[in-house]
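Subject: Structure handover

Hello,

Here is the structure you will be working with. Please open it first, then read the notes below it.

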Amino acid sequence: MIGINLNSEERKLILDFFALKQLPHDVALTFGDVALPEGHSDIRSRSEISDFRTQLSPNLKLSIPFISANMESVTGPEMIIAVEREGGLGIIPQSIPVEEKKRILDVVKRADCARINDPLTINFGKTLREAKNLMNRFKIYSLVVVDEKFMPLGILSTRDWKYETDENKKVEELMSANLIKANHDIGFEEARSILRKNKIEKLPLVDKTGKLTSLITAHGLFYHMHYPRALRDENGQFIRVGSIGVGKTFKPEHMQDIELQINSGITALLIDTARAFSENTRDAIVAVKKAFPKLTLIVGNVSTPEGAKFLFESGADVVKVGQGPGEACRTREVGIGIPQLTAIAACSAVAKKFGKTVIADGGIKNPGDIVKAIIAGASAVMIGYLFAGTEESPPEPYSYYSEDLKADLAVKDYIGSASHHAQLSRIGKGNLDYLRRPEGVKRIVPVTGTLSRRVSDLLDGMRSAMSYLGARNLKELH
Ligand code: XMP
């Protein structure tokens, strides 16, 4: 029987946790309500601080504690790639159709990957048109050309067809047939020297019979060196996290969606609903755990210790905390939510009891909020607003005249997932039945440059706070 109330031991655990954190337990607070007193520090310069590692679960070890919000106006393939290059995590929105989720996961899987185990191929008899369609779909610029037996014959890359106007031309007439291959077991160092010596960018690997097994790319090797903190799995591919909603009842269709995402190699799944302290969510967790016991389950959102306990007892590995603290949130207009810092601390105390972790989701406006969330017990923060204006978020930028500044600004839309705007778009795609009272809004955010710049600015602010506090890493902050 899963408890929906706390027992006296759990209540005491929470009180002790609050006492340890010097947080009041009889009044709920959010980030702006507290300030951090300085602590004695032996850190002579903030530049000494470079360790921001954190762990959500045994297979989710992040180099930085940032997760891009699973919102359509924040996280698409470019965002996931950008944030994971930095060592954070990107999670796809659950509201998009499963085919689109699969497409995004497949793009991410292939990005920056030094050794691609299922390289995209095309038969030599296909047309340029078919090759271009495939490359556009996966956002890549070259294909390995193979025969019927899957023996590699050549490479077709952009420079082979850039000036070709006849799209009916056969791939074999256009490809570069001067192919250098290597044995499947080759290491990265040797592969690098073959690529360098021959001034080539792709090295197809073959098994003993000469069949194509994988592909090493110069691009992938370069990115491996350039982004040493990147969040990769044992195959050197970016970690992929799938997502699913719960609906009124958890149906077989939900399972099919999850299976499709599992085929794209997801490590974890987000079970996403605005109110996760519910029977619908428990049904979903139990069903998914039973079918896919190895999948790490991130579940949210809740904002009470009772909600967190319910999810952990149901089988969640990581719980996402936050109801209404975000920049595009209006859930508080129906009276629901707990000020975020208190919610994080209470849920973190429960997580600690279960040996699990929480993600603080929403309301992060500056590096200080991140530091406070981590001190309150979160293992990572989820960020929407602060990432929405970066170049890598999905919306197209447009020009907006600011009366205050008397100037045109480049802006993007930041759309609350429960806003009218988002609901109308889902109704249009057949993913929502009727328009509900909005619990979110659409905001306009200035375009702020690359995600990498934003991350480095946030980390620098965290470094500053940590140097005041005398904490060299997130464990010490905790
Ligand atoms: P920030 O503050 O980073 O928060 O923009 C991102 C988080 O806000 C949540 N979210 C919503 N909450 N109505 C809500 O009450 C909405 O329409 C909405 N859209 C997003 C979500 O948890 C996200 O990660």
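Ser-452 sits in helix α16, residues 451-469. Helices (H or I, at least four residues) and strands (E, at least two) are DSSP runs, numbered from the N terminus. With a relative accessibility of 34%, Ser-452 counts as partly exposed. Buried means under 20% relative accessible area, exposed over 50%, and partly exposed in between (1.4 Å probe, protein chains only). The side chain of Ser-452 makes a polar contact with the side chain of Glu-86, at 3.2 Å. A polar contact is a pair of N or O atoms within 3.5 Å; within protein, one must be able to donate a hydrogen and the other to accept it, and residues adjacent in sequence count only if both atoms are side-chain atoms. Between Ser-452 and Glu-392 there are 9.6 Å in space, C-alpha to C-alpha, although they are 60 residues apart in sequence.

A note on the source: this is a predicted model, in which local features need pLDDT of at least 70 and side-chain atom pairs count only at pLDDT 80 or more, while totals for chains, interfaces and linings use all residues. Residues are numbered from 1 along each chain as its sequence is written, and side-chain values use heavy atoms, with hydrogens and water left out.

Ser-264 is buried, with a relative accessible area of 0%. Its side chain makes a polar contact with the side chain of Lys-102, at 3.0 Å.

Next, the ligand. It is surrounded by 23 residues, and the closest are Thr-331, Asp-361, Tyr-414, Ala-418 and Glu-439; a residue is near if one of its heavy atoms lies within 4 Å. A polar side-chain atom of Thr-331 lies 2.4 Å from an oxygen atom of the ligand. Backbone N or O atoms also lie by ligand oxygen atoms: one of Glu-327 at 3.0 Å, and one of Tyr-385 at 2.9 Å. Taken alone, the ligand exposes 520 Å², and the protein buries 91% of that (areas from the Shrake-Rupley method with a 1.4 Å probe; for residues, only the protein chains shown count as cover).

Last, helix α1. Its buried residues are Glu-10, Ile-14, Phe-17 and Phe-18. They cover an arc of only 100° around the axis, so they lie on the same side of α1; the arc is that of the directions from the helix axis to the C-beta atoms. The face turned away from this buried side carries the exposed residues Ser-8, Lys-12, Ala-19 and Leu-20.

Regards
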